[in-house]
Amino acid sequence: MTELERIAKLEKKLKVRKRKALAKEYEKLGREFYKQSHAQSMSTAHKMLQHIPMFQNKESTLTTDQYQQLQDIANAMSYNGNFWKIENLKEVSQWLSQFRVENEQP
């Protein structure tokens, strides 16, 4: 067995050990969360996690009117075989500008 083969074999073994060690740490973390949260059941613990921003699903913050406008823009697009074409690009870019971080108009 060559030096490179031995190193590759060691790398594989280390990856397996690392995966097992990570799983063990995640289990400890989960048990600690469960104890500190005083959850009565697993479903209660899951509900608690839903109130933490990083675990929440990112939902659309569009208003109904904005969603309708976006749907109208999408419906007005036409496919030419290679890409989608937008006829009213100026209006679309103006509409999209409302979502800029710097919401200033020139």
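Is Glu-25, at 46% relative accessibility, buried, partly exposed or exposed? Glu-25 counts as partly exposed, because its relative accessibility is 46%, and the terms are set so that buried means under 20% relative accessible area, exposed means over 50%, and partly exposed lies in between, with a 1.4 Å probe and protein chains only.

The structure is a predicted model, in which local features need pLDDT of at least 70 and side-chain atom pairs count only at pLDDT 80 or more, while totals for chains, interfaces and linings use all residues. Residues are numbered from 1 along each chain as its sequence is written, and side-chain values use heavy atoms, with hydrogens and water left out.

**Overall build**

The secondary structure of the protein comes to 4 helices and 2 strands, and from the N terminus on these elements run α-α-α-β-β-α. Helices (H or I, at least four residues) and strands (E, at least two) are DSSP runs, numbered from the N terminus. Of the 106 residues in the protein, buried residues make up 8%. Among the contacts in the protein with a separation of 6 or more, 22% are accounted for by residues 24 or more positions apart, where contact means heavy atoms within 4.5 Å.

**Helix H1 against helix H2**

Helix H1 covers residues 3-37 and helix H2 covers residues 42-49, and their axes come within 11 Å and cross at roughly 90°. On the H1 side the contact is made by Phe-33, Tyr-34 and Ser-37, and on the H2 side by Met-42, Ala-45, Met-48 and Leu-49. These residues divide into 6 nonpolar, 1 polar and no charged. Axes here are lines fitted to C-alpha atoms, for helices over the stretch in contact, with angles running from 0 to 180 degrees between N-to-C directions; angles under 35 degrees count as roughly parallel, over 145 as roughly antiparallel, 65 to 115 as roughly perpendicular and the rest as oblique. Ala, Val, Leu, Ile, Met, Phe, Trp, Tyr, Cys and Pro count as nonpolar, Asp, Glu, Lys and Arg as charged, and the others, Gly among them, as polar.

**Salt bridges**

The structure holds 3 salt bridges, a salt bridge being a side-chain nitrogen of Lys or Arg within 4 Å of a carboxyl oxygen of Asp or Glu.

| Salt bridge | Closest N to O distance |
|---|---|
| Lys-28 and Glu-25 | 3.6 Å |
| Glu-27 and Arg-31 | 4.0 Å |

Arg-6 and Glu-3 both lie in helix H1, 3 residues apart, which is about one turn of the helix. Arg-6 is partly exposed at 41% relative accessibility, and Glu-3 is partly exposed at 49%. Lys-28 and Glu-25 are separated by about one helical turn, because they are 3 residues apart in helix H1, and Lys-28 is partly exposed at 41%. Glu-27 and Arg-31 are likewise separated by about one helical turn, being 4 residues apart in helix H1; Glu-27 is partly exposed at 49% and Arg-31 is partly exposed at 46%.

**An aromatic pair**

The structure holds 1 aromatic pair. The rings of Tyr-79 and Trp-84 have centres 5.2 Å apart and planes at 55°, so the pair is tilted. Rings of Phe, Tyr and Trp (its six-membered ring) pair if their centres lie within 6.5 Å, and planes under 30 degrees apart count as stacked, over 60 as edge-to-face and the rest as tilted. Tyr-79 is partly exposed, with a relative accessible area of 47%, whereas Trp-84 is exposed, with a relative accessible area of 53%.
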